[in-house]
Amino acid sequence: MTNQDVLRELADAHGVATHYTASDGEGITVSDDTLLKTLRALDVKLSEHPDDAELHEALAAFRLAEATRPLPPSIVTSEGNAVAFPVHVHDGAPAEVLIILEDGTSREATQEENWTPPTTDNDGVTWGEATFRIPADLPLGWHRLQLKSNDLFKECALVITPARLSTTDSYVDQPTTGVMAQMYSVRSRESWGIGDFHDMGQLAEILATEAGADYLLVNPMHAGEPFPPVEDSPYLPTTRRFINPIYLRIEDVPELANLDEDTRADITELATELRADNRSGEIIDRNPVFQAKLDVLREIHHLPRTPERTEEFLAYVDREGGGLIDFATWCAQREYELIHNKAAHSIAPAEDELVSFYMWLQFLCDEQLAAAQARAKAAGMKIGIMADLAVGVHPGGADAHNLAEYLAPDASVGAPPDGYNQHGQDWSQPPWDPRKLAEAGYQPWRDLLATVLRHSGGIRVDHILGLFRLYWIPRMQSPTTGTYVRFDHKALVGILALEAERAGAVVIGEDLGTFEPWIQDVLAAKGIMGTSVLWFEGSPTVKGPRLQSEYRQLALSSVTTHDLPPTAGYLAGEHITLREELGLFTRDAADEDSDDLEWQAEVLDRVRETGSFDGTELAEVEFVGLKRHERGDVAELIAGLHRFMAGTPSALTCVSLVDMVGDVRAQNQPGTTRDQYPNWCIPLCDINGTPVLIEDLAGNAMFQDIAASAHRAP
């Protein structure tokens, strides 16, 4: 084999793609430089310019490690599957494999014939291979395998996952609808300039009673930086497991009442000042809001707590365990590093006090999020709050530090060039290292999911394709120089289903983008719904947009997504205008606009054909050939689009809150930074740019019209 052949075989052995298909169907051959840098990011020991001998040695080392590993890194399989696995012990030595179940009882794995020739390692030790098989009737759960062979003792995780998530079927039989909202943007009269957990419960209640919604899909609630300045994007958190205290409602903290009268008066004055921003359409500045809340929370934290509250707090700390302590310790250390160590005359608090403070903030977040879910369910929502799980974390954040042993920090997650951004995207997030995660028995993945699902009736997994493969970019390089790295999707998807099953939650996979069709089949078989967006759906049977009857049953289907402008803005071509202003096109903007206008017209005609515009002047309009301003009333267009979605076979449909009030500004332009566009900082406004508060919704005519249009008959 040539040097390049060995390199590509080595890359393939480690799950690194040597070629892939781009979004336009073009085949991309990955460069040797990218393969080498990706392999080094996976801790494969290679020099910068390895010769043929070094590559051969690395490939031989990989094969030897596989042939002498006593147990697999971990075994994840679905219920009813009597899976077989290899075991390696010193040649001729006996082997016994026990299964230690989650409840403490044990079972035996049975040995089967295996005639694989023995392997001698670099120390001259000869290893033999045996095959064992687990019983097919093991219960769901987190179990362990124990290998005993003379003086050799090894363990690995054994996880039995559901064959299919049971929560899905009720919505296939009885389809329903919900609303998606960016909670920071949705404010009430009592908000401190930004939406909070109390607002979440209040919004869910109004959506249930006034719009017949069965769920509220919110942006990720993951924690950002522990104090200002903070990252605006909810998709670039410092941790995905714990919650952002910026969403706390100060007035809902029970201990607030224990502050002295003068301090409470100061807080009331502060709240009044911040509430003035609720009626402003200007971009949201998180920093002063978060600082004000932290200042008040520090005052409250100094107060003594009742024995009952202390017991509740300690129970929470005990439940979350070492992960919470590690996160709070990281927050405390950041505070020392960036604040106290730089202050000339400040008296720094004790470290244990700071750690306690940051754990207490998480306790409050957990409490208030639980209250929001309880309020949603009490109002009649079947699912309630649906959480959103970001793809990854900030490279300088808590998870990047505390989970470093399971990550690949020399790589960055992103996306190759596509229609969203023709230059590609670098999200800066360090990915899981597939091998290290497996060797940890997927415990970090389990802990993350269990915490996020605790107070959620559902979870949307952003870029669920990343559980199959992720686009890795050598850190600090162009997104065009990346490649895909494979993950054990059976393990990651299976554990997602297991934790959702235990939480009684539905799972939505955001499966937009470039992928192979079999991936959707795998997710559907597991009971995990996909995502369909009207503007992205082409028909598999006829030329043009997807027919109403062709929409997937196992999907959450919607008109739009947070990565597009609200539908009023999208119909007006705001996405074309914005991308042109930001220089994100690689072809002429006029051609982009022409193609977009033609596709939108085809979609609108497809919607009209179903009768979704009946009863309006749009019922007889031929949209192909019309200019944007010639199409007719925007509110009627949006209502008709939602009637169309309500008539699809999809188990879940979803309405964006921005569409219900006629908002036009985009929440996010993928692939841009704050100095280019104020992503994730746009408050909820109507078509005229006037802010809309939660209390305004019930009396908002467009809100009522879109709610009625999106309603799905039992």
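Me: Which residues in H3 are buried?
Reply: The model is a predicted one, in which local features need pLDDT of at least 70 and side-chain atom pairs count only at pLDDT 80 or more, while totals for chains, interfaces and linings use all residues. Residues are numbered from 1 along each chain as its sequence is written, and side-chain values use heavy atoms, with hydrogens and water left out. Buried means under 20% relative accessible area, exposed over 50% and partly exposed in between, with a 1.4 Å probe and protein chains only. By that rule the buried residues in H3 are Leu55, Ala58, Leu59, Leu64, Ala67 and Thr68.

Me: What span does H3 reach from its first C-alpha to its last?
Reply: Helices (H or I, at least four residues) and strands (E, at least two) are DSSP runs, numbered from the N terminus, and H3 covers residues 52-68, which is 17 residues.

Me: Which backbone nitrogen does a side-chain oxygen of Asp51 reach at the start of H3?
Reply: A polar contact is a pair of N or O atoms within 3.5 Å; within protein, one must be able to donate a hydrogen and the other to accept it, and residues adjacent in sequence count only if both atoms are side-chain atoms. At the start of H3, the side-chain oxygen of Asp51 comes to within 3.3 Å of the backbone nitrogen of Ala53.

Me: Which residue in S11 is the bridge partner of Lys148?
Reply: Two strands pair if DSSP finds at least two bridges between them; S10 (residues 141-149) is joined to S11 (residues 152-161) by nine bridges, and these strands run antiparallel. S10 also pairs with S5 (residues 96-100) in the antiparallel sense over five bridges, and there Glu96 stands opposite Lys148. In S11, the partner of Lys148 is Phe153.

Me: Which residue takes a positive phi in the hairpin of S10 and S11?
Reply: S10 is mostly covered, with seven of its nine residues buried. Its hairpin with S11 has two residues between the strands, and the positive phi, near 55 degrees, belongs to Asn150.

Me: Why is one side of S16 and of S19 left without a neighbour in the sheet?
Reply: Four strands form an open sheet with antiparallel pairing, in the order S16-S15-S18-S19. S16 (425-429) and S19 (483-486) stand at the edges, so one side of each lacks a neighbour, since each has a single partner strand.

Me: Which side chain makes a polar contact with that of Asp32?
Reply: Asp32 lies in helix H2 and, at 28% relative accessibility, counts as partly exposed. Contact means heavy atoms within 4.5 Å, and leaving aside neighbours within four places in sequence, Asp32 is in contact with Gln4, Leu7 and Arg8. The polar contact of 3.3 Å joins the side chain of Asp32 to that of Gln4.

Me: Is Thr653 buried or exposed?
Reply: Thr653 has its place in strand S23 (residues 652-656). Not counting residues up to four places away in sequence, Thr653 touches several residues, including Thr176, Tyr215, Ser557 and Arg712. Because its relative accessibility is 3%, Thr653 counts as buried.

Notes
The expected span of a helix is 1.5 Å times one less than its number of residues.
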